[in-house]
Amino acid sequence: MDRLVKPDVKEVELIFQKGQKCSTSFKLTNLMHTMSVAVCLTTTNPSLFSFNKLFSIIPPLSSASYTLQLSQPSDEPHLTDPPDVIIIRTSMLPTGKAHADDLRRIFSKPGPHVFRDAVITVSFVGPDVAEFLISHHSQIPESRYLFKKAISACAKSQLAELMKPAVECGDAEFAAGLVGAGGDASFRDSDGKSLIPLAIRAGKLDVMKLLVASGCEINDSVDLVLHEAAAMNRIDFMEFLFESFGDELDVNSVNPKGMTPIHVAAIEGHVGVIEFCVLMGGNPNAVDLKGWTPLHYAASKGQLKTVECLLECSNVKYVKDIEGKTAFTVAAESEHSQSQLLDLLGWGDAVMRAARVDDVHGMKRWLGEGAAVNRRDQNGWTPLHWGAFKGRIKSVKLLLEHGAEVDAVDDGGYTPLHCAAEAGHLQVALLLIAHGGSQSNLKAFTHLNLETLHKKHVSLDYVSKSVALGEF
């Protein structure tokens, strides 16, 4: 005979609960027709497990139940590779009776009278085990296999609860396993939020696609999925969301602070997201509850590239918040303050205005603060273009002293000299020629304004000699 007893299972499952005692039961059946069998139970980890009875006697063809207990409550399941097992040893008992001390003596001495009759694997299962495997999957080689086993003992409500940590960890295989076992992908938390924001924060597009394919829906006013994607700088998420829920999404939706996805992107400096949102109809001029535009946020964070982007697509440079502060003011007060940023938000415009009206003192102050002398406006004009066009010779001299680019070309191909010549400002033009020393500038001047030269009785030779002598 190969064995004296037969267990009713090959594996026992302990439904593990953090900090609580847990136990499971199994049966052994005596296969002997006429003789009782003595049984001794042990495990590969006796410090962790205990039995309701270590020694027992099973009458012929009878069965007995046994309980395996976790000796000490724990916050983590004891997962080993290979797993712990119950070892069943047996011995024939002709008399059918024996005291506990007798049984102890029988099994304390190895020999042919003691059979290693069976081995039962011990497995930890249940939602607490599944959650532990999700959070520690990278440290447990067999986590996939163990996870499948763990969720087999979970109710549907427990599977739904496990969807949240599975999505948060960004593992599509865990999430798919839960859905396949009956987990509800449309599960919402106590705040009414779906699982999709969690997938976005995890940065896993495949998980989000799985959720949508499994019936997950969004509530845009609660889930704020575009805000989540904007914060993560994930345009691919946004594209998929519009493909899946286009009619339900509003690119100008606001969060509890009144901020749009463009506001969120501006804070993080995500220029590509801003451009995508504007392309989809997003309003870069929107203000939140404290009156801040996306430009205010980009300015406060010192996001130079973002400020440049927003200045191109919005017209809120001088919009004031509820405290009367513009983006320039916010930038100047911020710890991220920098001259290039301040130039974009205000100094550059101030120098342009000063050049137009010949405000030399104001121009000196702004240039001294760090304003860019070659800052360009929407037409590509520099302050020198404006000073030349307006004939402001004092401003032109000051700009040239501060390194203004004489040959700067605007969007139409015009230099400051062209502007001075066409406007008929001879002295300014001559001054520019003197500082530029470029024959091309001289030719441009004479070509564009020969009529002015003739009227003023100025010859080309005079201009050339004046330039050579450095009179301008």
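**K149 and its contacts**

Leaving aside neighbours within four places in sequence, I find K149 in contact with E11, E13, S123 and V125. Contact means heavy atoms within 4.5 Å. K149 sits in helix α3. Is K149 buried or exposed? K149 counts as buried because its relative accessibility is 16%. Buried means under 20% relative accessible area, exposed over 50%, and partly exposed in between, with a 1.4 Å probe and protein chains only. I also checked V129: K149 is 20 residues from V129 in sequence, and their C-alpha atoms are 9.6 Å apart in space.

**Ground rules I noted**

I number residues from 1 along each chain as its sequence is written, and I leave out hydrogens and water, using heavy atoms for side-chain values. Since the model is predicted, local features need pLDDT of at least 70 and side-chain atom pairs count only at pLDDT 80 or more, while totals for chains, interfaces and linings use all residues.

**Helix α3**

Next I read along α3, residues 143-151. Its buried residues are S143, F147, K149, A150 and I151. What covers them? The cover includes β2 (11-15), β9 (115-125), α2 (127-135), α4 (156-168) and α5 (172-180). Helices (H or I, at least four residues) and strands (E, at least two) are DSSP runs, numbered from the N terminus.

**Strand β3**

I turned to β3, residues 23-30. In a regular strand the side chains alternate between the two faces of the sheet. In β3, T24, F26, L28 and N30 point to one face and are buried.

Which strands pair with β3? I looked at two of them, β1 and β7. Strand β1 (residues 5-7) runs antiparallel to β3, joined by three bridges. There K6 stands opposite T29. Strand β7 (residues 63-70) is also antiparallel to β3, over seven bridges. Here L28 faces A64 as its opposite residue. Two strands pair if DSSP finds at least two bridges between them.

**The whole chain**

I then stepped back. The protein chain has 23 helices and nine strands. Its C-alpha trace spans about 140 × 45 × 35 Å along the principal axes. Of the 472 residues, 46% are buried. Among contacts between residues at least 6 apart in sequence, 69% join residues at least 24 apart.
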